[in-house]
Amino acid sequence: MLPAHWTFRLPFALLATCALSGCPSLAERGGPPPSADRAAALEAQGDEAGAARVYEDLAGQNTGADRNGYLLRAARGYLAARRTDDAARVLASTESSLSAEQSAERALLRAQLAREQAPSHGGTSVPTPTPAAAAMPDHEPHIALLLPVTGRAAGAAIAVREGFMTAFYQAPAPGRLAVRVYDTGTMSVADAVGAATRAGAEFIVGPLTREEVTAAADIPGRHVPLLALNFLSSERTAPAQFYQYALSPEDEARLVAQRVLQDHHARGVAIVPAGDWGARVLSAFRQELTAGGGDLISSEMIDTARTDFSSSITAVLRINDSTSRARRLEAVLGTKLTFEPRRRADIGFIFAPAQANIERLLRPQLRFHYAGDIATYATSDAFEPDARANEDLEGLMFPDMPWMLGGDLADAVRSAAHDAWPTGGPHRGRLFAFGFDAYRLGVALRNPGVSGTVSIEGLTGRLTLDSERRVRRELGWAQLHNGELRPLPPT
């Protein structure tokens with residue numbers, strides 16, 4: 001179990017560390033046998049070095065992924081205790097068979113170690129965020145970041161944390177509050193909010209998942225202002241001082257419907273993945289299109305467990321109708337006709353949202369079935385920065401954030417991060433940008449008297465607040481040609 005919260009501060013000067021010979025194991029000291037509970041208890045008491053030694057002993061009793069996991073926890077503890085030599089030693093002991101999550105965590109810890117070992121110097125580089133706790137009073141003003149950095153959502157949470165802390169380190173130092181990360185993977189949302197409030201949090205950012213956000217809205221009584229990193233259901237009214245920010249596919253679907261109408265396409269069809277995601281996206285698109293005077297004349301769901309979507313495509317395009325007419329005519333004439341099936345002629349657009357791997361299968365099949373010349377739109381989920389793979393998406397149009405499409409802020413952040421991170425900087429992941437903007441929103445919203453006047457040019461779009469304290473994003477538009485992005489004029 002990890003500590004209930006981690007504290008992020010500006011880098012401190014390198015402190016003296018003990019040599020390996022001066023760090024006997026628990027077994028050598030005749031202490032209690034190593035256990036995860038014992039390590040957690042030491043962490044709760046503030047003895048990070050003692051906890052790290054227990055984790056290191058546990059690593060010696062395990063193999064494979066469990067061993068690597070304990071070594072990474074030991075490295076975190078040693079870094080928190082400012083014992084960089086020991087942190088470097090245990091990181092070097094990790095094996096090559098790390099999971100994707102463990103590899104990402106090791107990269108973060110190595111970057112933190114490099115920063116701790118480097119001489120202090122000025123500059124504007126972006127240090128790598130990592131859970132390195134420094135001495136901090138139990139009650140001090142701070143921004144609380146609630147994320148499930150352990151558990152099934154850890155990968156997404158870590159990416160958000162990286163972006164959040166990158167924005168923190170880029171912000172001007174004067175007046176900058178400390179940041180404490182509360183792990184909702186090891187404590188309930190209510191406990192995390194309570195702990196953050198008692199510890200002096202002036203603003204809370206998080207939690208992340210839909211379930212956690214609902215739990216946060218259910219907490220009775222008043223607490224400090226909170227920016228949830230997901231949306232409540234549309235039927236739910238948010239409590240006071242409860243802001244909501246999300247990378248919502250439904251919002252993007254509404255933007256696509258607006259773009260379709262502005263491109264003068266009144267009638268069209270939709271092909272979406274079967275399941276909850278596809279149903280929500282289709283519903284949002286249909287509502288916005290209909291409200292604007294458009295007409296969705298047909299829609300089909302595709303089974304993403306398969307690779308052949310021909311039956312859904314031919315149904316939505318009514319190619320089967322053309323084939324049936326030809327067969328009836330052959331029966332009347334008593335002869336075989338030379339025939340090429342045709343799609344229905346009244347389709348002005350196709351809305352085909354899907355994840356990138358599905359979109360790369362769907363778009364070529366639409367072309368095969370005589371629909372390659374129809375204006376086709378998707379959400380940003382269809383795009384990943386891979387020029388060779390994206391050649392199959394020729395002509396696809398979609399909205400996306402500046403972090404993916406490029407822009408002055410995105411280029412500046414990527415350049416600074418690339419210079420500061422030993423691993424070459426963050427990937428072009430949208431969750432990194434989401435975390436970056438979450439920090440900037442938190443800073444803006446904690447200022448008294450903000451109301452609905454927030455307007456931020458962010459990595460995830462131009463951010464504003466609506467009347468229900470939801471953050472709305474204005475996005476750019478792009479179209480793929482030969483695998484490369486081409487910007488489209490704004491709507």
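Are D400 and R430 buried or exposed, and which salt bridge do their side chains form? D400 is buried, and R430 is buried as well. Their side chains meet in a salt bridge, with 2.8 Å from N to O. This pair links distant parts of the chain, since D400 sits in strand 11 and R430 in helix 17 (residues 430–445), 30 residues apart. Please keep in mind that everything here comes from a predicted model.

**The overall picture**

Let's step back for a moment. The protein has 17 helices and 16 strands. Of its 491 residues, 51% are buried. Among contacts between residues at least 6 apart in sequence, 67% join residues at least 24 apart. The protein exposes about 21,800 Å², and carbon and sulfur atoms supply 51% of that area.

**Salt bridges**

Side chains of opposite charge can pair when their charged atoms come close. In this model the count comes to 19 salt bridges.

| Pair | N to O distance | Sequence separation |
|---|---|---|
| R236 and D218 | 2.7 Å | 18 residues |
| E384 and R360 | 3.8 Å | 24 residues |
| D400 and R430 | 2.8 Å | 30 residues |

R236 has a relative accessibility of 29% and counts as partly exposed. D218 is partly exposed too, with a relative accessible area of 47%.

The side chains of E384 and R360 also meet in a salt bridge, at 3.8 Å from N to O. Here the link runs between the loop that joins strand 10 (375–377) to strand 11 (397–400), where E384 is found, and helix 14 (residues 356–368), which holds R360. E384 is partly exposed at 41% relative accessibility, whereas R360 is buried at 17% because the cut-off for buried is under 20%.

Returning to the opening pair, D400 and R430 are joined by a salt bridge.

**Empty space inside**

Rolling a probe the size of a water molecule over the atoms shows where empty space is left. The model has 2 cavities of 30 Å³ or more. About 50 Å³ of space lies in the second largest cavity.

Which residues line the second largest cavity? They are A246, S248, D251, E252, L255, V471, R473 and L475. Helix 10 (249–262) and strand 14 (471–474) are the elements that give two or more residues to this lining. Helix 10 supplies the largest share, with 3 residues. By class, the lining of the second largest cavity has 4 nonpolar, 1 polar and 3 charged residues.

**A buried phenylalanine**

One more spot to look at is F309, in the loop between strand 8 (295–302) and helix 12 (310–317). F309 counts as buried, at 2% relative accessibility. Leaving aside neighbours within four places in sequence, F309 is in contact with I302, D303, I358, L361, L362 and Q365.

Key. Residues are numbered from 1 along each chain as its sequence is written. This is a predicted model: local features need pLDDT of at least 70, side-chain atom pairs count only at pLDDT 80 or more; totals for chains, interfaces and linings use all residues. Side-chain values use heavy atoms; hydrogens and water are left out. A salt bridge is a side-chain nitrogen of Lys or Arg within 4 Å of a carboxyl oxygen of Asp or Glu. Helices (H or I, at least four residues) and strands (E, at least two) are DSSP runs, numbered from the N terminus. Buried means under 20% relative accessible area, exposed over 50%, partly exposed in between (1.4 Å probe, protein chains only). On a 1 Å grid over the protein atoms alone, a cavity is a set of points where a 1.4 Å probe fits but cannot get out, and a pocket is an open set with protein on both sides within 12 Å along at least five of seven lines; lining residues have an atom within 4 Å of a point. Grid points are joined across faces, edges and corners, and a volume is the space filled by probe spheres set on the points. Ala, Val, Leu, Ile, Met, Phe, Trp, Tyr, Cys and Pro count as nonpolar, Asp, Glu, Lys and Arg as charged, and the others, Gly among them, as polar. Contact means heavy atoms within 4.5 Å. Accessible areas come from the Shrake-Rupley method with a 1.4 Å probe; for residues, only the protein chains shown count as cover.
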